[in-house]
Amino acid sequence: MIDVTRLDGMRVVVNAELIETVESVPETVIVLVTRRRLMVRESVDEVIERVLAYRRSIGTLSDSVRSAVPDLHRES
């Protein structure tokens, strides 16, 4: 689960396992596998960092996830 902030300032907790895409259009839009869309204040990079932190916390950062993020976000 990750915390994000809707454009109206409301805090929302999102199940990171249900995120399909995160887009910048220019607002950040999180699209869930349910097709629900959330526009949030955080940048795409911030959302990615929160998802990676969540996955690290539960020990599920797989090789496929590591290869999908830019070098900037890889673990050392």
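Which residue stands opposite Val13 in E2? I looked, and Asp3 does.

**Ground rules.** I'm working with a predicted model, so to speak with care: local features need pLDDT of at least 70, side-chain atom pairs count only at pLDDT 80 or more, and totals for chains, interfaces and linings use all residues. Numbering runs from 1 along each chain as its sequence is written, and side-chain values use heavy atoms, with hydrogens and water left out.

**Strands.** I checked E1 (residues 2–5) against E2 and found them antiparallel, joined by four bridges. Strands pair here if DSSP finds at least two bridges between them; a strand is a DSSP run of E with at least two residues, a helix one of H or I with at least four, numbered from the N terminus. E1 and E2 make a hairpin with five residues between them, and Gly9 in the turn has a positive phi of about 90°.

**Helix H1.** I noted Val47, Val51, Leu52, Tyr54 and Arg55 as the buried residues of H1 (buried is under 20% relative accessible area, exposed over 50%, partly exposed in between, with a 1.4 Å probe and protein chains only). They line one face of the helix, because they fall within an arc of 160° seen down its axis (the arc is that of the directions from the helix axis to the C-beta atoms). Just after H1, Gly59 has a positive phi of about 75°.

**Glu17.** I found Glu17 in the loop between E2 (11–14) and E3 (19–24). Glu17 counts as partly exposed because its relative accessibility is 39%. Its C-alpha atom is 9.1 Å from that of Arg55, 38 residues apart along the chain.
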